[in-house]
Amino acid sequence: MVEDLWQEERAQQLQDELDRLVYRSNLLGADRRVCNWKGGNTSTKTVHRHVDGREIEVLWVKGSGSDLATITRQGFTGLRLAEVLPCFEREAMSDEEMVEYLLGTMLHPAMPRPSIETLLHAFIPHKHVDHTHPDSVVTICNLAEGKAVTQEIFGDRVAWVDYMRPGFRLAKEVGRIVRSNPQLEGVFLGSHGLVTWGSTHREAYRNTLAIINAAQAYIDERLSRRPVLGGSRCRALPDEPCRRLLAQVLPALRGAVSRNQRMILHVDRTDTVLELVNSVRGKELALTGSACPDHLVHTKYLPLWVDFDPGREGSEELKRRLVEGAERYKEEYLRYVEAHARPGDPKLDPYPRVILIPGVGMIATGPDKEAAENAAGLYQRAAAVIRGADAVGTFASMSPKDAYDVEYWPLELYKLTLAPPERELSRRVAYITGAASGIGRAAARLLAAHGAHVVLADLNAEGAQAVGREIEEKWGRGRALALPVDVTDEEAVQRSFDEAVLRFGGVDIVVSNAGVALAAPFEETTLADWERIHDVLVKGYFLVAREGYRRLKAQGIGGAIIFVTSKNAMVASKGAAAYNAAKAAELHLARSLAEEAGASGVRVNCVAPDAVISGSSIWSSRWRAERARDHGIDEESLEEFYRRRTTLGVNVYPEDVAEAILFFASDRSGKTTGCTLTVDGGVAAAYVR
């Protein structure tokens, strides 16, 4: 049951009706069983003093694209109600006419575009109106017997309206019914959701909850009578074996659903989803169709169901079925589009947004991590609806034609045009070693600023986490994953890439940057010194590149591997033999890998900086003192010494090197591999020949 969260004392302390509308909306949005992410809309009718001193009645309604859970005053649009209401007398109104007309009634042009459901709120003759998509009500609304069940539960307290796409026709029908039946407490919209109202904010909120909970009580009673979804067909894999399985198959799946455009993946093993995929009737019901227009905009009309027996079949078989299933889904989706398309309709991505696997759960896709998580959250709601509907009666979705008309609805497509343009590295995942400081930190910040999700791998776990928090605060939830990684530990490196795959589905950019340095005369260099330097700079680069390449190759959509080498890779410095040799080995390793990886569309390039002192953990160690000693200067003079020896007379900073990494990570260098780009201010001896 949905809990009543209303606090009247708090509501009365708010400054005006718009603040109370925000409060009511936030309460409804706080429970996703009541209101989908970015779904539903709320309104209030109030008196507003115009700039000329007149008092006018204003309809405040949610603006398009906002989420009720987080909406603020700025998310609502005010419209002059006296100019909106005459629309009720019209016989018809196209979507384009309606939108154009409503824009002319707004109090201020800078307000957000009003919800497509604005006329529904205006035509209902009650002060406060809620339109939501609660699981329990959507369950009833998706029954073949939905109208009769609604009558059985509510009698003449709730009206039923057969499915109509949101817009003028639906708004007028709901308005007509409510105006003609003053005893009504709500309206059920077939294959859609719920409309309720009240004379006060509290009354509207509690009326909404009362209807939701009455429908839920009816469903719960039926659920107690029979096995849910026909009972279990298989068991869910335990978490750890499932993680191992997914780490092996997700790169191939990500590649398969990214043929048109790269996608980020999200794994969901919530109880609701596992119950559906493991049930006897799950496949049949999931492939019946979408439970709600609000869902299918983000999940598509149908999921991809991949048959799998977790007790008998392994990763290679599942990988094959996922790849084949994605291609089959694409072909079926294109036929669906061809059957219903109108002239001028765009071609949306044809690959699935939701993949269901018995024993495993759900994998959702999206242009970024947050979108993939939200698609998964919406399908959780669909799974709950399917569960309840199967207990009560016959689950029935909207028709494929109606689904197409929602998915390719010009007003929904228009919302896509309002989104900011995708950034250069949007939809990509960058794995960066040594990411807690210096060059690695600067690279993580820059790649994230250009749209990448970043995996921050560093021995300094606390430092990596701090960088991750900074990136997520600036660029959004789910954008960073911080991992403690010792690049010399093969198992640790493998685990870190598995974690990256489990979080995002794969990787696109691998930046090997973790470093250590030593300055000592050759005859004083110990074997331990030599091994320590080569462990980090050669073995570490090898392990990271190998594991990264394995995932890139499995995806089959190309990618970039970038080694941060050094000026010392091209020209030796006195008193640093171990470091010089290790950096030269990195350079040749990169060239070797470039030759092998090219056939997979994977580019391998090097960035060679010199004397990047600022923000570096290496230069804060004894390396600084050793280099000052070798050059016969004091430590405070190092920056000036290195600046003077460059051709350009400049110092090099981590941000300068990050720009070169960005170049090789992006499509700007799409036809370059096996290359070294120096970022050293000009050291003549290190010019690449």
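Buried, in this talk, means under 20% relative accessible area, exposed means over 50%, and partly exposed lies in between, with a 1.4 Å probe and protein chains only. By that definition Ser191, at 9% relative accessibility, counts as buried.

Some housekeeping. This is a predicted model, where local features need pLDDT of at least 70, side-chain atom pairs count only at pLDDT 80 or more, and totals for chains, interfaces and linings use all residues. Residues are numbered from 1 along each chain as its sequence is written, and side-chain values use heavy atoms, with hydrogens and water left out.

Now the whole protein. Its secondary structure comes to 25 helices and 18 strands. Helices here are DSSP runs of H or I with at least four residues, strands are runs of E with at least two, and both are numbered from the N terminus. The C-alpha trace spans about 100 × 70 × 50 Å along its principal axes. Of the 689 residues, 57% count as buried. A contact means heavy atoms within 4.5 Å. Among contacts with a separation of 6 or more, 74% are between residues 24 or more positions apart.

Back to Ser191. Where is Ser191 placed? It is in the loop between β6 (186-189) and β7 (193-198). For background, most residues other than glycine have a negative phi. Lys300 also has a positive phi, near 70 degrees. Lys300 lies in the loop between α13 (293-299) and β9 (304-305), and at 6% relative accessibility Lys300 counts as buried.

Next, helix packing, with α9 in both examples. Axes are lines fitted to C-alpha atoms, for helices over the stretch in contact, and angles run from 0 to 180 degrees between N-to-C directions. Angles under 35 degrees count as roughly parallel, over 145 as roughly antiparallel, 65 to 115 as roughly perpendicular, and the rest as oblique.

Helix α9 (residues 201-223) packs against helix α15 (residues 369-392) at an angle of about 65 degrees, with the axes 8 Å apart. That angle makes α9 roughly perpendicular to α15. The crossing of α9 past α15 is left-handed; left-handed means the near helix is turned anticlockwise from the far one by less than a right angle, and right-handed means clockwise. On α9 the contact is made by Tyr218, Ile219, Arg222 and Leu223, and on α15 by Arg387, Gly388, Ala391 and Val392. By class, that contact has five nonpolar, one polar and two charged residues. Here Ala, Val, Leu, Ile, Met, Phe, Trp, Tyr, Cys and Pro count as nonpolar, Asp, Glu, Lys and Arg as charged, and the others, Gly among them, as polar.

The second example is α2. How do α2 and α9 cross, roughly parallel or roughly perpendicular? The axes of α2 (residues 17-29) and α9 come within 10 Å and cross at roughly 15 degrees, which makes α2 roughly parallel to α9. This crossing is right-handed. Glu17, Arg20, Leu21, Arg24, Leu27 and Leu28 of α2 meet His201, Ala204, Tyr205, Thr208 and Leu209 of α9. Those residues divide into six nonpolar, two polar and three charged.

Now two serines. For both, a polar contact is a pair of N or O atoms within 3.5 Å; within protein, one must be able to donate a hydrogen and the other to accept it, and residues adjacent in sequence count only if both atoms are side-chain atoms.

Ser426 is found in the loop between α17 (410-418) and β12 (429-433). Ser426 is buried, with a relative accessible area of 16%. What does the side chain of Ser426 reach? It reaches the backbone nitrogen of Arg423 at 2.8 Å. Leaving aside neighbours within four places in sequence, Ser426 is in contact with His450 and Gly451.

Ser496 sits in helix α20 (residues 490-504) and is buried, at 3% relative accessible area. A polar atom of the Ser496 side chain lies 2.7 Å from the backbone oxygen of Val493. Not counting residues up to four places away in sequence, Ser496 touches Tyr431, Leu483 and Val485.

Last, Arg157. Arg157 lies in the loop between α7 (146-154) and β5 (158-161). At 32% relative accessibility, Arg157 counts as partly exposed. Residues up to four places away in sequence aside, Arg157 touches Gln183, Leu184, Glu185 and Gly186. From Arg157 to Arg644 is 487 residues in sequence and 85 Å in space, C-alpha to C-alpha.
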